[in-house]
There are 2 protein chains.
Amino acid sequence: MAKVNDTGNDDIFTSSDSVRSAAPLKHVQYATFDEPLSLELGGRLERLRIAYETYGELNDAKDNAILICHALSGDSHVAAHDADDDPGWWDIAVGPGKSIDTNKYFVICPNILGGCRGTTGPNCLNPSTGRPYGPDFPRITIGDMVEAQRRLIDYLGIERLHSVIGGSMGGMLTLEWAIRYPDRVRSAVAIATSPRLTSQGLAFDIIGRNAITTSPDFNNGWYYDEERGEVDGIFLPATPVRGLAIARMIGHITYLSRESMRRKFGTDRYQPRDVDSEFEKDTSVASYLAHQGDKFVERFDANSYIVITRAMDSFDIGEGGDLIKSLEPVQCRFLVISFTSDWLFPADQSRSIVNALVATNKSVSYCNVSSPCGHDAFLLPDQIDIYGGLIAGFLAHNNDEITEADLEPESDAQGKLDDPDTSIFHGKRIDYNFLEDLMVSQSPSPSPSVLDLGCGDGRMLLRLKRRGWRRLLGVEIDQNRVLMCVKRGIDCIHADLNEGLYWLGDDQFDFVLLSRTLQAVYDVNRVIDEMLRVGKRCIVSFPNFAYKPLREMLAKQGRAPASAGLLRYKWYNTPNIRFLSIADFEDYCREKGAIIHRLVALNTETHSEVKENPNLNADLAIFVISR
Amino acid sequence: MAKVNDTGNDDIFTSSDSVRSAAPLKHVQYATFDEPLSLELGGRLERLRIAYETYGELNDAKDNAILICHALSGDSHVAAHDADDDPGWWDIAVGPGKSIDTNKYFVICPNILGGCRGTTGPNCLNPSTGRPYGPDFPRITIGDMVEAQRRLIDYLGIERLHSVIGGSMGGMLTLEWAIRYPDRVRSAVAIATSPRLTSQGLAFDIIGRNAITTSPDFNNGWYYDEERGEVDGIFLPATPVRGLAIARMIGHITYLSRESMRRKFGTDRYQPRDVDSEFEKDTSVASYLAHQGDKFVERFDANSYIVITRAMDSFDIGEGGDLIKSLEPVQCRFLVISFTSDWLFPADQSRSIVNALVATNKSVSYCNVSSPCGHDAFLLPDQIDIYGGLIAGFLAHNNDEITEADLEPESDAQGKLDDPDTSIFHGKRIDYNFLEDLMVSQSPSPSPSVLDLGCGDGRMLLRLKRRGWRRLLGVEIDQNRVLMCVKRGIDCIHADLNEGLYWLGDDQFDFVLLSRTLQAVYDVNRVIDEMLRVGKRCIVSFPNFAYKPLREMLAKQGRAPASAGLLRYKWYNTPNIRFLSIADFEDYCREKGAIIHRLVALNTETHSEVKENPNLNADLAIFVISR
């Protein structure tokens with residue numbers, strides 16, 4: 001049985017947390033504020049100290065600062081400062097040339113209020129008693145944590161943050177920043193977070209606290225070694241609080257997914273690691289939990305755990321209409337990221353934030369990153385290409401400029417893109433020219449709003465952005481294409497059209513595009529109904545199945561139509577599952593009482609518009625319709 | 001704040017467990033065995049007492065006995081015996097006229113070995129010390145529990161059980177029964193169970209035990225009031241073991257789903273119930289957990305919890321090939337039921353049991369019941385129509401007889417069935433006659449094996465069963481149709497063809513049917529490849545898209561083909577997403593090197609076979625193909 005060393009240097013012990021230790025932070029700085037901090041739930045803290053670390057240089061304009069908000073058990077040490085420094089908790093994302101590039105940005109990461117790594121918290125001296133706060137530390141909120149951070153930002157002389165970025169509970173702080181100080185945040189990245197915990201997540205926190213408070217060594221919160229006194233302003237426990245280990249074990253399950261636990265422990269269930277623990281350790285899972293529980297007790301304060309989880313549990317910016325109202329003050333751009341296997345902060349909660357932002361026409365992009373890693377995914381390297389790419393691309397577009405790089409065609413890692421070798425301003429996609437002309441000619445204003453359903457890599461919207469149109473939003477089902485959009489500075493929501501557009505308001509957009517996507521949609525009726533509801537004008541393009549060569553193929557050869565052009569697939573592998581003609585679509589519009597304003601019929605083989613008998617001679621149709 | 005009474009009479013307190021109490025069981029019987037019970041992991045129990053309850057009458061042939069195996073925290077009181085009796089834990093399923101009909105069956109429910117409700121367990125007298133067993137109770141296995149139950153069955157004079165039924169851990173006992181005593185079990189119903197716990201489930205159990213063993217009032221397991229002594233052979237604790245409440249709280253989260261917790265606690269999060277507890281109680285979730293934890297400690301023994309969960313955790317009949325080997329001895333019919341939102345015993349684990357049984361041609365049906373209720377679903381009334389119907393239908397077919405009721409057409413609750421008003425032996429589905437004739441004429445044996453992919457309500461397979469063919473298996477995606485099959489005594493697996501047939505062996509069936517299903521399959525190539533691998537002969541029928549009226553529709557009218565017959569849908573709402581002709585399919589077979597043995601072309605409008613130019617004149621094609 002391999003003995004596990006202190007660094008957890010064993011495959012199964014690798015976790016988002018495996019690098020963390022109780023070691024002193026070498027590059028920590030302190031800011032102390034003597035003005036009392038009034039707390040949201042009443043009471044106040046007489047003095048406030050914030051422990052923080054910084055990376056990179058603040059520029060002269062002081063507009064390149066990024067605030068990173070850590071999660072429940074994090075601290076100011078987001079990344080290593082140099083080769084001699086201890087690893088940080090987000091080294092994969094923060095550093096020179098990384099997603100959050102410290103060559104470009106001045107990164108600030110403070111330990112949160114109520115924490116136990118240097119910022120004022122239960123393990124600090126209570127000036128009114130001369131003892132540690134311990135259980136007397138007042139109840140605080142996420143708002144209080146942000147208030148404390150705001151003082152630090154003032155202190156650093158920063159008027160407006162380039163961005164606030166946070167995952168998990170850090171995402172809640174990010175949301176709070178954007179709501180509380182809209183004029184001080186230019187952009188926000190909320191990762192694996194929620195407007196309020198799920199009832200399930202809340203339940204896990206409650207059980208963790210119950211385990212701590214009923215732990216006899218907790219001693220009602222008075223477990224500090226007061227004789228030894230404070231070191232760097234921090235009191236340490238005289239005895240470890242065992243219930244904190246139980247709470248941490250519960251936490252660890254919620255950070256992993258069922259699938260990632262299967263991968264981690266499935267094959268060696270009966271080969272536990274040799275850990276020195278009083279907890280159960282006769283399976284690999286048990287030894288992992290014992291190890292993680294014991295390690296955590298060494299480095300974390302039980303009262304902090306209670307104070308912070310209570311703050312997290314009481315964060316609640318509402319659901320539905322309430323959430324829209326909560327987010328109303330937001331002025332900054334938003335990037336929201338979730339992970340498919342995250343069940344602690346499930347994707348639908350991120351979507352609810354996105355939906356609420358979209359409802360009032362805020363600028364937002366969203367991606368639900370495919371990952372088996374659970375909530376931990378945002379701290380692991382496995383999907384860093386996607387989520388790190390999203391963050392980097394998003395941070396690079398804090399103004400409306402279009403760069404040369406945005407105009408470059410992207411090669412699709414998945415090889416799924418149409419015409420990957422074609423510049424987006426190449427004439428090959430002639431339907432784009434017609435789509436653009438149609439919108440320009442029918443536009444009710446100089447800068448109409450446009451929703452592009454199935455927006456692909458965002459090239460159509462980028463054309464419109466070049467025209468100076470500003471309220472542009474794409475919807476795309478493929479995460480790699482969402483990434484391409486964000487890299488180009490195009491707002492894009494990662495969503496499946498078959499779920500409908502319930503999240504958009506009536507007449508919310510001047511134009512809604514559905515470009516060569518209809519034929520791949522299962523629930524056609526729903527999508528069209530929703531388009532007509534959401535858009536003042538809807539533009540639908542699709543391959544015309546009654547195009548002459550296709551008719552002939554069925555009529556003369558008795559074979560399902562296929563062609564070298566748009567319909568280049570075979571019957572058994574085509575992504576197209578709906579077959580319709582121009583005449584069919586006209587019938588359909590008539591049946592549902594939709595108004596047809598224009599039909600542009602194209603022949604993409606000859607690159608020309610078809611005027612005569614389009615249902616026979618055109619292979620692509622563009623309809624402009626409305627309710 | 002409403003005060004909660006002892007019965008948990010509040011909406012949020014309703015759970016699968018809400019009726020359970022520590023009240024004495026009025027109808028319990030005891031069987032005592034003086035012969036020592038040798039245990040799988042070593043050691044033995046000198047004496048064995050089993051507490052059990054029975055319902056209904058054992059018939060003269062003694063072949064109507066059903067053994068019900070309870071879950072972790074259950075007991076012998078599966079149902080109320082009369083109006084004056086306390087509620088049982090499965091009253092919704094067991095009783096006169098219910099799914100497990102005590103008018104027909106003699107139901108036996110024993111408390112499991114290691115339990116704390118009358119059967120020998122840690123709270124019983126250890127004859128070798130004169131004290132309760134307490135922590136000295138030996139480690140036991142699911143096999144030991146079954147061994148103890150087998151003694152009871154012997155004692156009751158029952159040679160062969162009509163069925164063994166169990167959910168959750170009870171399902172593990174059910175599997176063990178079928179493996180250990182294949183000749184004593186005619187059928188088995190395994191509900192919401194697994195061949196071994198997931199690593200995630202294991203982790204929750206470990207944390208629960210850690211909470212118990214580090215609880216100071218646990219006192220290393222010696223917490224009984226020995227002075228008070230035993231009552232009915234049971235010692236009670238002198239002090240409640242608080243850690244057991246923590247374990248139970250964790251358990252409760254795993255029994256619910258995220259969705260069911262949202263429904264239960266989402267709207268009244270900040271309206272806790274007034275419970276008398278030392279645990280956190282300032283949210284509705286917290287008060288629920290405190291209540292459930294406290295109640296459990298009153299009625300359950302902490303040492304039992306450890307002994308039983310350890311037995312459950314060590315149950316492991318393998319995965320993949322090992323699981324097939326473990327299940328090799330099984331002779332009985334199987335019904336396996338899972339629930340979509342069950343994440344403690346997830347559906348894929350039930351599927352792995354099913355797959356392993358199918359791999360060696362055991363008789364098995366499977367349904368993954370759609371439910372938001374999580375693991376608890378099998379104890380709740382919400383989906384009783386489906387899972388109760390499955391159990392009742394399955395129990396009614398323990399022999400190969402075909403009853404009149406089987407031949408009746410079923411009305412489909414969802415209204416999705418083709419021809420619901422048509423008797424299954426009506427001539428209207430003429431393709432069935434041809435399919436049957438084709439198989440009879442090409443059969444390699446008098447009783448060939450047949451797999452029907454997309455089997456619907458099982459009417460085709462029932463025709464073959466009437467012929468005396470016995471190895472018949474259906475695959476169906478709709479749970480209501482799976483239910484119809486099971487009610488008719490047809491083995492059916494609830495599965496999506498698009499996932500492939502990886503779970504079936506090469507050449508496992510003489511015939512594989514894909515009857516009028518191909519056109520609704522997305523991944524056509526995969527399904528056909530898999531059919532050809534699994535079946536010696538494959539019979540594929542589909543609507544011919546090159547049928548003359550359809551060609552004309554496109555050629556002359558320029559509209560996507562639709563007809564009053566087989567293709568009665570519109571382009572935007574048809575379930576048919578693949579369009580092919582007889583010629584297309586011939587090309588396709590040629591391309592992939594499949595051999596076409598026969599083509600039967602039909603015109604279903606004229607009810608006749610088409611000999612001349614089938615690609616033009618037939619609306620339905622039946623191909624017999626092979627690799």
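These are my notebook entries on a predicted model with chains A and B.

**Entry 1: where the chains meet**

I started with the contact between the two chains. I found that chain A gives 55 residues to this contact, and chain B gives 55 residues too. Next I looked up which helices of chain B supply at least two residues each to the side that touches chain A. My list includes helix 4 (242–255), helix 6 (284–299), helix 15 (524–534) and helix 17 (582–592). Helix 3 (199–213) is also on that list, and helix 3 of chain B brings the largest share, ten residues. I then sorted this side of chain B by class: 33 residues are nonpolar, 13 are polar and nine are charged.

**Entry 2: helix 2 of chain A**

Does the length of this helix agree with what its residue count predicts, or disagree? Helix 2 of chain A runs over residues 169–180, so its twelve residues should span 16 Å at 1.5 Å a residue. I looked up its end C-alpha atoms and they are 16 Å apart, which agrees.

Then I asked how many of its twelve residues are buried. The count is ten, so I noted helix 2 of chain A as mostly covered. Among the buried ones are A:Met169, A:Leu173, A:Glu176 and A:Trp177. What do they pack against? In chain A, the partners of these buried residues are strand 5 (65–69), helix 1 (142–155), strand 11 (163–167), strand 12 (187–191) and helix 7 (302–314).

A reminder to myself: a pair of packed helices is described by the angle between the axes and the distance between them.

Which residues make the contact? Helix 1 of chain B uses B:Ile142, B:Gly143, B:Met145 and B:Val146. Helix 2 of chain B answers with B:Met172, B:Leu173, B:Glu176, B:Trp177 and B:Arg180. By class, I put down six nonpolar residues, one polar and two charged for this contact.

**Entry 3: one lysine in a loop**

Last, I looked up B:Lys570, which sits in the loop between helix 16 and helix 17 of chain B. Why does B:Lys570 count as partly exposed? It has 17 C-beta neighbours inside 10 Å, and buried would need 20 or more, while exposed would need 12 or fewer. I also noted that the C-alpha atoms of B:Lys570 and B:Ala560 are separated by 8.2 Å, with the two residues ten apart along the chain.

Conventions. Residues are numbered from 1 along each chain as its sequence is written. Chains are lettered from A and ligands numbered from 1 in the order in which they are written. This is a predicted model: local features need pLDDT of at least 70, side-chain atom pairs count only at pLDDT 80 or more; totals for chains, interfaces and linings use all residues. Two residues are in contact if their C-beta atoms, placed from the backbone, lie within 7 Å. Helices (H or I, at least four residues) and strands (E, at least two) are DSSP runs, numbered from the N terminus. Ala, Val, Leu, Ile, Met, Phe, Trp, Tyr, Cys and Pro count as nonpolar, Asp, Glu, Lys and Arg as charged, and the others, Gly among them, as polar. The expected span of a helix is 1.5 Å times one less than its number of residues.
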